[in-house]
Amino acid sequence: MQAAAYINSPTPPFQSASAHSMAPLLGKTLALSWALPMMMILSMAPSVSSRTRRYTAPTVSRLTDLFPHLSIDQAFNSSFGSSNIQLMGNGSAAYLSLSKSSGSGLASRNKYYYGFFSAAIKLPAGLSSGVVVAFYMSNGETFPHNHDEIDIELLGHDQRNGWVLQTNIYANGSVSTGREEKFYLWFDPTQQQHYYSIIWNSHHIVFLVDNIPVREFPRSGAFSPAYPSKPMSLYATIWDGSEWATHGGKYPVNYKYAPFVVSFSQVEAAGCISDPRQPPPTCTMKSSVSTDPVQGQDFTALSNQQQSAMAWARSKLMFYSYCKDTSRFKVMPAECR
């Protein structure tokens, strides 16, 4: 999560879970006295013209329908800002908030080596410049000097532009070479939940929004040295990225509009559970071949329909790719040549 001025991880500045004691969530209970004020906060956010790019998205297969949803209180711990985390729906959903005192984050109790990872996310409404919502994988706590990372970051907006999707990949501590690509969204992500997903296996990494692939990073050729290769935890966070998130830090977080609240639900993590200090397991899921995210045919290669949808997304919505940034790289990364 680093570029010229990018932060090394969505826990700013990369704070390990031990720094926050990895405190367990407080269980499923949520007092109504908290829930009602939170609903009021969500409904009172200032109105903003986000200039959402309105397109009719292509039809694709719904990979998010294939796997069970995790119980957040059973599958995750608080990684920081536990007082800003509230559970809903008997632990099936979580509200994470950013206040002036702290952001907040969840970290999976399991570590995974390959799989399909997804969440339905509804972003904060109103002015949100400088706010970063991240759904990502990392092993930085276990491998602080050579960590891997697969990032979905949603960057808050100013009065003129909507939320931006940023994807990024690191391998073996290569944080000096951020591989960012940025996209506008074709919907208003503050009105309802939308799916943000990652496929990671020995064939490729794919980033998807509402099941539409927007980026594929293959594990082949020049891409291989930059390919994440160690087990990782799954994280969901919201935090202050004022230094870089909106127009390179031009617009910081305005805490007059705090708290900024994001909801996570329908979380899926279907993959090989692994001990990062042991050799990576060789495994496939105990399900039908077509729904195996490690070696299943729906996950090891994009279908013609998915390739067409990805071409649509990249032509209509992508506005930045590191491979096109000649002012940033004197020598372009090998996979860009």
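Hi everyone, let's start with one lysine: Lys230 is in contact with Tyr113, Asn139, Phe143, Asn146, Asp148, Asn172 and Trp200, leaving aside residues up to four places away in sequence. Please keep in mind that this is a predicted model.

Lys230 lies over the face of the Phe143 ring, 5.3 Å from the ring centre. There is another lysine to show you here: Lys182 lies over the face of Tyr320, with 5.8 Å to the ring centre.

Now, on to rings meeting rings. How many aromatic pairs does the structure hold? The count is 16. One of them is formed by Phe116 and Phe299, with 5.8 Å centre to centre and 65 degrees between the planes, which is edge-to-face. This pair links distant parts of the chain: Phe116 belongs to strand β4 (residues 104–122) and Phe299 to helix α3 (residues 297–300), and the two are 183 residues apart. Both Phe116 and Phe299 are buried.

My last stop, if you have the model open, is a cluster: Tyr55, Trp186, Phe187 and Trp312 are linked together by ring pairs.

So that's the tour, friends.

Technical notes: Residues numbered from 1 in each chain as written. Predicted model: local features only at pLDDT ≥ 70, side-chain atom pairs only at ≥ 80, totals over all residues. Heavy atoms only, no water. Contact = heavy atoms within 4.5 Å. Phe/Tyr/Trp six-rings, centres within 6.5 Å; stacked < 30°, edge-to-face > 60°. Helix = DSSP H or I, 4+ residues; strand = E, 2+ residues; numbered from the N terminus. Buried < 20%, exposed > 50% of the residue type's maximum accessible area, 1.4 Å probe, protein only. Lys NZ or Arg CZ within 6 Å of the ring centre and 35° of its normal.
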